[in-house]
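Colleague: Before I rely on any of the labels attached to this model, I would like to go through them with you and hear what each one rests on.
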Amino acid sequence: MTHLARLGWLVLSFTFTTSLLAAPTETVQWGWRPPVELAGEGEPEAAVRQLRHYIQLQRLVMERTDYHDQTRAFVDDLWESLESFDLEGFYQLLPEQQAPWRALTVYGEVGPDQYHIGPEPRLRPGSDQPGLGDFRAEVRAREIDAEDATHYLLDANVGIGLGNVGWPSVVRAAEEALRMVGGQETGQVTPRLTDLEGTLARDSGGELEVYRRQARGLNPALSEAELDLLAPVWASYPQMWQLVSGLGTLDDLLIVDEGEPGYRQVHGVFTLHPQRLANAYPDLARYLERLDSLVKAELNLYDEYGRLIRVGVDSERLQGTLSMVVRDGQVVPVRYEKPVAEAPRFDPREPRQLRAHVDARLDVLGIIAEVEGMSFEIAYEPTAQGARFVAQGRSVPRVGVGGRALGVLPASIIDVVLPKRIDQLMRDFLTVACEGNSQQGITGIVEVGGGAGEPGQLQLAAAFEGLDNFFVRIGMGIINNRVIPGERVSEDLKNLVNDAHQAFSSDLDQFERLLVQR
């Protein structure tokens with residue numbers, strides 16, 4: 001961020017903060033319900049303390065990280081191999097021998113004045129309970145000799161300490177966020193905090209009007225109902241929203257009745273605007289513009305009753321979308337574009353089967369690749385201290401290729417000089433990924449544990465079998481060259497994270513002041 005832009009940000013922040021002293025206390029309490037449930041189990045004071053710890057941790061990681069020299073060199077080399085999708089080089093670089101695997105293990109630890117990353121724990125060796133922000137990551141690879149080519153099975157596991165956050169608080173926070181989106185009452189989850197309808201009814205002095213005007217700045221076409229939802233959230237997180245408004249526009253929120261009382265359809269559309277980003281993050285703005293039509297993708301998540309969520313991303317428009325129907329703190333399944341009233345509420349104590357369906361369109365130097373029907377079966381499994389999500393992608397998607405390379409050469413001409421057609425090369429790669437890994441396909445596991453007095457932990461795991469092929473390397477290398485940001489873009493991203501950190505910290509200060517004044 002340039003010095004002039006940072007000065008402008010400070011002036012805006014000061015001006016905006018001084019105008020917020022009249023923010024209605026009940027409004028701010030309403031907007032902070034989700035983080036209060038997440039970090040404080042419904043107790044605002046406890047949430048503030050825990051959120052302060054997260055802020056301090058983020059500042060420590062961003063500003064005072066100490067790397068073990070050899071570990072940093074290994075990680076840099078491994079990342080370079082992955083960028084070019086050189087699986088053989090990646091395998092050979094892994095330093096630890098765990099026959100038939102090669103591996104690398106890295107630890108991260110929070111110290112009193114620095115965050116240390118190295119090959120072994122220094123501060124708490126032998127501890128099975130990671131503290132807040134501590135992590136252990138292991139990456140493994142195994143060579144597989146196949147008839148067609150050499151494959152490599154890649155496996156990664158990461159464990160992170162979450163502090164006092166556990167799965168029950170995650171569930172309650174999600175319910176509170178969905179109630180806010182639906183403009184519905186708290187349902188006695190956090191009885192000390194007020195509901196939206198009551199907050200708007202008590203706004204007799206028009207104190208929220210200033211926030212309606214600020215929200216309208218995101219898009220003058222937003223409806224009154226949408227502004228009524230956004231205004232209290234803006235009043236609760238003024239600095240964060242000020243930052244967001246400098247990134248792009250909220251083009252749609254569309255909250256309407258779905259024929260029966262209590263249902264709300266949400267269709268959120270947010271568009272990034274490089275012209276706005278360029279004021280503070282010029283290299284990031286140029287990077288986003290260069291993405292052009294690289295990817296357009298849509299993900300639909302289903303349960304046995306219908307579609308739960310639809311998420312889309314379009315790099316040409318720099319646009320993201322989120323669609324769902326909510327009622328009483330729950331996402332309601334949709335069938336034939338109508339909510340399924342008989343669908344039961346989500347019970348975190350009961351297992352559940354979900355399915356994710358992904359369609360994507362890639363444009364690589366003018367060659368258009370369409371991948372349709374990429375499916376993942378997702379099992380939700382409650383555990384003794386939390387929950388586990390296990391996803392498996394074992395269905396080979398349909399692949400189609402067309403377009404003109406650099407706008408000149410048709411894909412059919414390029415196929416002539418390749419040992420296989422482009423679509424067949426893609427199909428081979430996806431077949432190995434979806435049918436390999438001992439027929440487990442592409443797998444991912446997310447497990448959240450802790451809560452009720454026990455420290456929270458997040459466990460992440462992923463595995464897939466990759467085809468090591470020269471032409472696959474070329475294609476993946478071209479894509480990664482466009483997707484993976486360079487050093488200057490990374491610096492802009494770091495500045496954006498720091499600015500978001502400062503904005504949230506300022507909003508937390510406002511919330512804490514209002515708690516003291518109660």
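Modeller: Keep in mind throughout that this is a predicted model.

Colleague: Why is Tyr115 called buried?

Modeller: Buried means under 20% relative accessible area, and Tyr115, at 5% relative accessibility, therefore counts as buried.

Colleague: How do you know that Tyr115 and Phe135 form a stacked pair?

Modeller: Ring centres must lie within 6.5 Å and the planes under 30 degrees apart; this pair has 6.5 Å centre to centre and 20° between the planes, so the label stacked applies. Tyr115 lies in strand β4 and Phe135 in strand β5, so the pair ties together parts that are 20 residues apart in sequence.

Colleague: What makes the pair of Trp234 and Trp241 stacked?

Modeller: With 5.4 Å centre to centre and 15° between the planes, the pair is set against the limits of 6.5 Å and 30 degrees, and it therefore counts as stacked. Trp234 is buried with a relative accessible area of 1%, and Trp241, at 17% relative accessibility, counts as buried as well, because the cut-off is 20%.

Colleague: Which residues is Trp241 in contact with, leaving aside its neighbours within four places in sequence?

Modeller: Trp241 is in contact with Leu218, Leu230, Val233 and Trp234. In the largest nonpolar core, which has 30 residues, Trp241 is among those that touch the most other members, together with Trp32, Leu230, Leu508 and Phe511. Helix α10 gives the most to this core, with seven residues.

Colleague: Why is Arg72 said to sit over the ring of Tyr67?

Modeller: The rule asks for CZ of Arg within 6 Å of the ring centre and within 35 degrees of the ring normal; the charged end of Arg72 is 4.2 Å from the centre of the Tyr67 ring, and it is listed as sitting over that ring. Arg355 likewise lies over the face of Tyr302, at 4.7 Å from the ring centre.

Notes. Residues are numbered from 1 along each chain as its sequence is written. This is a predicted model: local features need pLDDT of at least 70, side-chain atom pairs count only at pLDDT 80 or more; totals for chains, interfaces and linings use all residues. Side-chain values use heavy atoms; hydrogens and water are left out. A nonpolar core is a set of buried Ala, Val, Leu, Ile, Met, Phe, Trp, Tyr and Cys residues joined through side-chain atoms within 4.5 Å. Buried means under 20% relative accessible area, exposed over 50%, partly exposed in between (1.4 Å probe, protein chains only). Helices (H or I, at least four residues) and strands (E, at least two) are DSSP runs, numbered from the N terminus. Contact means heavy atoms within 4.5 Å. Rings of Phe, Tyr and Trp (its six-membered ring) pair if their centres lie within 6.5 Å; planes under 30 degrees apart count as stacked, over 60 as edge-to-face and the rest as tilted.
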